[in-house]
Amino acid sequence: MEPMGKVLVITPEKCTGCRLCEQVCSVFHDGVSNPARSRIKVMKWEAEGLYIPMSCQQCQDAPCLIVCPVKAITRDEKLSRVMVNHNICIGCRSCVAVCPFGAMGFNVIDRKNFKCDLCDGDPQCVRFCEVKAVDYMDADRVSIAKKKAAAEKITAAQRQAIALEAESH
Amino acid sequence: MALDRKIAYIDLSTREIKIRPIPLEVRRKFLGGRGLDAYLLYNHTKKGCDPLGPENTLMVSGGFLAATLASATARTHVMAKSPLGGMLGSANMGGFFAPELAWAGFHHLVIKGKAEKPVYLWIKNGKIEIRDAGHLWGHTTTETQWAIREELGDEDIKSLVIGPAGENLVRFANVMTGIKNSGGRTGMGAVMGSKNLKAIAARGTMDIKIAHPKEALEYNKRFIDQITSAKVNQTQGTLGTPFIWGATNSWGGVRCRNFQFNQELYCDEIEPEAIDEVCTETMGPYHMTGCFGCQVHCRAQYKIPTGPYAGVYDEGPEYTSQGAFCGEPDCRSIETLLTGNHLVDQYGMDNLETGSIISWAMELYELGILTDKETDGLDLRFGNDEALLEMVKRICFRKGWLGDTLAEGGIIASEKIGKNSFDYLIQVKGVSNLHSDERATPALALNVATASRGSDHLRSRPAIDLYHLPEPVLRKIYSTPVPYDGPLSSEHTEYIGKPWQVFWQENCYMAVDCLGICKYHTVFLGATLPNFEDWAKVIYYNTGLEFTPREIWDVAERCNMIERLFNLREGLQREDLKKGDILNHRYFDEPTRRGAPDVVGRVIDKEKFRKMIDEFYEYKGLDKNGVPKPETLKRLGLEKEPSHLL
């Protein structure tokens, strides 16, 4: 078995707020353009220019999975995702209530919940996001970018210290 | 389905609202967006109506492809008779309003009459309500938007609003959505103000069915790759439109000191890279944002670094703000630029017109045509940053004789100021020119002179003419979807072949305006970007309607002709200085003083210019006076206008 699998990684500061992810999500899954059906949603603080895409984190110990009274929600280890079986789902919205990220949607037309399924391994939100605010990468790579950025600061400080030392001699 | 989006007729006087489908026949003739708005304007206004009276009709629309997968289908269009020049009024803006309107079930709004008291429209999922806006009156553009969200309890509401300038009937007040998306030109905000209409709020969760979702997704991906691979768009995505001003200034193509100079010197502080630095310092490295669904993200975010508005957030500045608050009034401070940009955004007035008209007043002041008496003691010399910003406020609130006078727009103001002030007003059809100088570029001069909404660069400018593209490349672009075997020249100072380019661009821009797509996604600044063939495909994949590229061209030609018919009805005459297809005399009489060797010392040759107009008219099927020939109207199916199909 492969060790970890890929995960959806969101870097909010890169998001331009265009909401193309919402649009392609609804077209891919439902054949319609309608952000109300999108599994991903860009939360906005327009007055400050802040945009934060929110989607399912595919939790390991998923509250939605635990709370589901009919066991319609399961983990698919192959793609490391949480899936809903709509044949079993009774539309009680317990999962919607407990999700800490608001990532479980409820479709008022079909009266069923809906969530990110990682488009079976080719997330469209990632595919269309040119600035890579939403990315899909091996789980072990997730913290690498931050590690590197932090390390860069340290090396810069070190270089500065060495330079200062050299100057003083 | 895009095809099931509706049109609503809203009479603010009687509070009557009618909602109707848009027949397929109308779609095939006019598609939607600006084109269909033009048809509606021609059919729903009477000749000679008062632009600020209840009899003027205001059209608001999203494009035919709004919110579909055609890449950046974000554009909102507003149209009415213009209070600025009395001709065609039309303005187009990005942002998120048009898609929201489409998800709420509508493509077109036709707004008539005048509300007794301030109101706003609340549009949600197929329903329209007229609500009291007394508490919103007096608020700035963003205050209004946030207040509506709070009142209706929904943060996803997108609104189209006016600020104090629109309320005060400043004749170049704009219509705004978001922080800085502006339907800027031709005073559409004043029209809203005259109707006591403070805002139009939209929110929708209605499906837009995509006819062929798989193909639409794949083609959109291709579109995006094509669009983002263009160098010009990559630069736009980093520096925004200030890069254009910087590049144009480098060879001497911008307007300074109200047309006295064509290049601004010693302006390091307002160069695109310097602006970018402030954006980075105040908003971080990822400070570019964009409109709905767009991967170009050409809009910068910034906080004003210094001065009385230090720390205030805004977006932009764009090319026009650089022209308005730097080049034209000859101010060179980034604080002035960013502050001026913020003021016009908040007041809801067109930055371009504001900067132009103040610079015109500055020249008149230096010439002694305006004196301290008219300015109430304000030292209105060029380069006075404080006076510039003070004038912005005076115009918005119609303060003092000059503020009130300039708020009337150039033509009326020139009549009030008198003397030979009109000679210095750089306008066409009552609308100020973009802050660019076209004396070295005949193609661009022809575009400015003949643009339907008055002097303007977004109606027919062959901007790629500046790139000196090889003739075979030009031919490839300009001979489809209709054949053209006439001359084409790579030389931007030439007159030859330019009328065809302007004619082609006029149809190209009309097509994107009908579809609701941004011009950065077509042959505007980039030569390799999508055009008619691509649109035929995206229309089919998204709506299921089959159009050939040639049929889209025909729609565009038809819509441009409707705009022409409207202007003719309102008194357009070929060489009428206030209502014609003619430039200010300075284009012909005063040579450029600065710029690159092939730019300095240039004027537009009047005879050659006349010949260009003749040729341009011929392509459009107009006679020598600019009036459509009967066979042209027949060919375009417009012989029975107004036909009242809608």
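Where is B:Pro642 found? B:Pro642 sits in the segment after helix H25 (630–635) of chain B. Helices (H or I, at least four residues) and strands (E, at least two) are DSSP runs, numbered from the N terminus. The model is predicted: local features need pLDDT of at least 70, side-chain atom pairs count only at pLDDT 80 or more, and totals for chains, interfaces and linings use all residues. Residues are numbered from 1 along each chain as its sequence is written, while chains are lettered from A and ligands numbered from 1 in the order in which they are written.

## Chain A

Chain A holds 5 helices and 9 strands. From the N terminus on, its elements run β-α-β-β-β-α-β-β-α-β-β-α-β-α. The C-alpha atoms of chain A fill a box of roughly 75 × 40 × 25 Å, taken along the principal axes. The radius of gyration of chain A is 20 Å, whereas a compact globule of 169 residues would have one near 15 Å. That radius is taken over C-alpha atoms, and the globule rule is 2.2 Å times the number of residues to the power 0.38.

Of the 169 residues of chain A, 34% count as buried. A residue is buried if 20 or more other C-beta atoms lie within 10 Å of its own, exposed if 12 or fewer, and partly exposed in between; C-beta atoms are placed from the backbone. Two residues are in contact if their C-beta atoms, placed from the backbone, lie within 7 Å. Among contacts in chain A between residues at least 6 apart in sequence, 55% join residues at least 24 apart.

## Where the chains meet

Here 33 residues of chain B are in contact with 23 residues of chain A. On the chain B side, the elements that give two or more residues are helix H4 (141–152), strand S13 (208–209), helix H7 (213–229) and strand S14 (288–289). H7(B) gives the most to this side, with 6 residues. By class, the side of chain B that touches chain A has 18 nonpolar, 12 polar and 3 charged residues. Ala, Val, Leu, Ile, Met, Phe, Trp, Tyr, Cys and Pro count as nonpolar, Asp, Glu, Lys and Arg as charged, and the others, Gly among them, as polar.

Strand S2 (residues 32–33) of chain A is joined to S13(B) by 2 bridges, and the two run antiparallel. Two strands pair if DSSP finds at least two bridges between them. A:Ser33 stands opposite B:Ile208 in S13(B).

## The domains of chain B

Chain B is divided into domain 1 (1–210 + 438–572 + 605–646) and domain 2 (230–430). These bounds come from an automatic or database domain assignment. The C-alpha centres of the two domains lie 24 Å apart. Their contact takes 44 residues from domain 1 of chain B and 37 residues from domain 2 of chain B. On the domain 1 side, H4, helix H5 (164–167) and helix H18 (442–450) of chain B each supply at least two residues. H5(B) gives the most to that side, with 3 residues.

## The nonpolar core

A nonpolar core is a set of buried Ala, Val, Leu, Ile, Met, Phe, Trp, Tyr and Cys residues joined through C-beta atoms within 7 Å. The largest has 230 residues, and those that touch the most other members include B:Met59, B:Tyr120 and B:Ala201. Helix H20 (residues 498–515) of chain B gives the most to this core, with 11 residues. The core draws at least three residues from each of domain 1 and domain 2 of chain B.

## Backbone details

Most residues other than glycine have a negative phi, and most peptide bonds are trans.

| Cis peptide bond | Omega |
|---|---|
| B:Thr480 and B:Pro481 | about 5 degrees |
| B:Glu641 and B:Pro642 | about 0 degrees |

B:Pro481 lies in the loop between helix H19 (471–478) and H20 of chain B.

Phi of A:Leu118 is near 55 degrees, a positive value in a residue other than glycine. A:Leu118 is in the loop between strand S8 (112–114) and helix H4 (124–128) of chain A. A:Leu118 is buried, with 25 other C-beta atoms within 10 Å. Phi of B:His468 is also positive, near 55 degrees. B:His468 counts as exposed, with 11 C-beta neighbours inside 10 Å.
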